[in-house]
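Reader: Can you walk me through some strands and helices here? Start with the terms, please.

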Amino acid sequence: MKQQAIFGALALLFAGNAFAQSQVTIHKKDGTTLTFPLTTVDTLSDNETSHHMTLSYSKQEGLLEPIQVIQASEVNLKQADKPQSYNILQSIAFSSKENNGLSQDIHIYIPNTTITLVLPNIADRSNLKLEFETTGSYVFLNGKQIESGAGCDLSEQGEIKVVAFNGDIRTYHLSVVNSSLPILECKVNESFDGAWVTGSITMKDEKGKVCFTSSDVNIKGRGNHYKQSLKNAYNLKLSQKSAMLGLPAGKRWVLLPNAYDKTMIRSSVAFDIAERLFDFEWTPHYKPIELILNGQYAGSYTLVEQIRVAEGRVSAGQILSLEEEGEEDAFRAAQSGLYFAMRDPETGAAGTMLLRSQRIIDDMENDLLADKTGYQKHVDLSNFASWFLFNELVKNEEAMTSNGYLTLSEEGVLTPGPIWDMSKTMGGEYGDGYKNSILTDSPWFSHLLKNDEFKSLVKKQLAELTGKDSEIEKIVRSCAESVRLSVAGNEMVWHTLGAHDETIESVTPLYDEEVERLIQWLQNRLAWMKDNLKF
């Protein structure tokens, strides 16, 4: 007569490759072993953490008593933890198909007993479908037994207890949180390919309360490299001036993606440094937010006032931007070859303001590059000194090519700025080298630095700046703290940091390392400027 028994990962482990041997050896938990001919193995299966087999053997070959598994009703959840091989929570998962508000599936292998996951606040945390893999016999969430795939209330911290076959318990703590940032929900009414489309927006504050809505908005993918698969920048054009999140009212807004900035704060840091440490006429105001685009979580963004001629922004004149090429409403300076696009107001290629701007810049360059003094009537030297130092500090290598703005007043005076997107600077995408000047050999500044008044202004402002190390560090840390949780949510979609999973425990060390690297870079850069920019 045959007797059949099933031995799973709960009781036994077998060693070696059974198919390569003529017998199977089972190592029991008590240290003893049992050996059977290979012919007794009926079925064999395997996964990453356990082995399962079905054996058929005669009573004469030895009697194996099946293990006794505790009943769920007999589990004592108040007992102290006793970790072992058979009460491990191996992984948790949230399916985007089963959980509204998720852009993609989340699957996390559990490295320790504390798990903190950031989800966008459009996800209903009170009814999340939680899937899990475990070596345990039972899983309890906040005292209630659950099965994988069941709906769970994770609006508060969840205490998960995994119970082994013999009643031993291991406790895990799962927190599902949101970023505590405002949420901007954008919906477009037609196919979105980067051109202007109509749509609507809803802004929710840090507590999830609606604080602004508009059903009459134009939305456009910003820049020349728009692709649906990328984390794009976006322009927003409202039908009337509106204040969002306490920012000054305006019609035009930009969503900066910080797509290649691992800290997500380089532009914010730049705006704060410009506002607090430099005497610029106007610097765009901003708020970190999270973006939901057509119902899909799009990651962490920065809402910024667009550079426009308007009350509360650039007070008057024309705004020009330095570009590489390819703009319709643009001209190239005759002497330097610098390429300028008319940003606001736009005039058309034959517009009188464009022709006037080109004439003034050409006249200014004719004198400047010939080291004559006539250029000074067209140049605000103090602001040029500030703009020079600011761009040197952040090492904006595109400052005089494709990432700079100029304002031309009605009186024909050029003022550099306002500053704009600095996500590639400060040791970011351009590289982490903090040495070398990026402007002293540029077409304009190489000649401005021959002007004693300009040099004196730069020297004075540099002396004031080099004592601001601690203030700059505070700016960086404050900006980083405001987006810390949002970075973890952003990682879920864009994997900017390269964390091995989306938990705070995985993301935070990598993020802290990037923030410290940014602080150290700025300190090194400031010290280098003090020692090497001599005037």
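Author: Two strands pair if DSSP finds at least two bridges between them. Strands (E, at least two residues) and helices (H or I, at least four) are DSSP runs, numbered from the N terminus. This is a predicted model: local features need pLDDT of at least 70, side-chain atom pairs count only at pLDDT 80 or more, and totals for chains, interfaces and linings use all residues. Residues are numbered from 1 along each chain as its sequence is written, and side-chain values use heavy atoms, with hydrogens and water left out.

Reader: What is the bridge partner of Phe140 in S12?

Author: Gln145. S11 (residues 138-141) pairs with S12 (residues 144-145) in the antiparallel sense over 2 bridges.

Reader: And in S14?

Author: There the partner of Phe140 is Lys161. S11 and S14 (residues 158-163) are also antiparallel, over 4 bridges.

Reader: What sits between S11 and S12 in the hairpin?

Author: A turn of 2 residues, where Asn142 has a positive phi of about 50°.

Reader: Which residues of S11 are buried, and on which side?

Author: Tyr138 and Phe140 are buried on one side, Val139 and Leu141 on the other. Buried means under 20% relative accessible area, with a 1.4 Å probe and protein chains only.

Reader: Switching to helices. At what angle do H1 and H6 cross?

Author: Roughly 140°, with the axes of H1 (residues 266-277) and H6 (residues 469-494) coming within 10 Å.

Reader: Which residues of H6 make the contact?

Author: Glu471, Ile472, Ile475, Val476 and Cys479. Contact means heavy atoms within 4.5 Å.

Key:
Axes fitted to C-alpha atoms, helices over the stretch in contact; angles between N-to-C directions. Buried < 20%, exposed > 50% of the residue type's maximum accessible area, 1.4 Å probe, protein only.
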